[in-house]
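Hi,

Here's the structure I promised to pass on.

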Amino acid sequence: MHLPFWLTTALLFPVLLYQGKRTRRTTPRLPEASGSPCGQYGEGEPARRVLVIGESTAAGVGVDNHEQGLASQLAKQIHERTGQAIAWHTFGVNGIRLGALNKQLAKADLPEADLVILSMGVNDTTGFTPRYRFRQQLLELRDLLGTRYPAPLVLLSVPPMHLFTALPAPLRHVIGWRARLLDHLYKTLASETPERFSYAHYPVISDPELLASDGYHPGEKGYRYIAQALAALP
């Protein structure tokens with residue numbers, strides 16, 4: 001139990017509750033992206049296959065179609081850097097938490113991939129998923145994917161929610177604090193078990209032009225910005 005966080009949350013609870021309800025009421029709820037959730041850049045047999053799984057960012061919330069989303073943009077960046085044919089596939093559900101995602105993935109017909117990225121954490125942050133449960137669900141996810149995808153699962157860091165301008169203060173700061181606690185679990189797992197997990201830093205989006213109309217999710221330029229950072233990783 002992280003006592004300072006829970007004491008702060010308890011003290012501010014009436015304000016946080018009011019701001020949370022007001023934010024849900026006033027923030028536009030954007031749909032998931034449309035179109036095919038898979039594609040390829042380049043001709044012939046792909047040299048690499050990218051799979052992004054997770055919540056709204058994997059579902060392409062903030063853009064009109066999946067070709068503008070994270071998986072497609074990342075595959076395009078890798079293709080342009082290497083000249084190789086790169087296939088991509090995305091599997092995301094807006095508003096989902098990790099435990100529910102695991103259940104859906106267990107029943108899903110997932111494609112071949114040699115790079116699997118988990119984009120998760122926002123809904124478990126706002127839903128106050130206990131850290132021990134979140135850690136256990138990450139381990140369960142890795143076991144679920146392990147036989148099919150032996151390479152380390154890439155944990156895309158929990159977004160820096162203390163910078164989300166759509167959230168008012170102090171709600172933004174408390175939620176950001178919680179997000180950092182969950183993100184620390186990512187870093188710990190990647191450090192302790194590098195053969196199972198790796199960690200990729202989520203680049204800070206400070207330019208409003210990179211955000212969608214809700215001021216919360218990336219827009220097309222924002223997904224491209226994140227993809228460029230991921231493509232540059234070794």
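This is a predicted model: local features need pLDDT of at least 70, side-chain atom pairs count only at pLDDT 80 or more; totals for chains, interfaces and linings use all residues.

There are three cavities of 30 Å³ or more in here, a cavity being a set of points on a 1 Å grid over the protein atoms alone where a 1.4 Å probe fits but cannot get out.

Numbering runs from 1 along each chain as its sequence is written, and side-chain values use heavy atoms, without hydrogens or water.

The largest pocket (an open set with protein on both sides within 12 Å along at least five of seven lines) holds about 790 Å³ of space. Its lining (residues with an atom within 4 Å of a point) has 31 residues, with Gly20, Thr23, Arg24, Thr126 and Tyr216 nearest the centre. Helix α2 gives the most, seven residues.

Then there's α9, residues 220-231; helices are DSSP runs of H or I, at least four residues, numbered from the N terminus. Gly222, Tyr223, Ile226, Ala227, Leu230 and Ala231 are its buried residues (under 20% relative accessible area, 1.4 Å probe, protein chains only). They sit on the same side of α9 because they cover an arc of only 165 degrees around the axis, taken from the directions from the helix axis to the C-beta atoms.

Cheers

Conventions:
Grid points are joined across faces, edges and corners, and a volume is the space filled by probe spheres set on the points. Helices (H or I, at least four residues) and strands (E, at least two) are DSSP runs, numbered from the N terminus. The expected span of a helix is 1.5 Å times one less than its number of residues. Buried means under 20% relative accessible area, exposed over 50%, partly exposed in between (1.4 Å probe, protein chains only).
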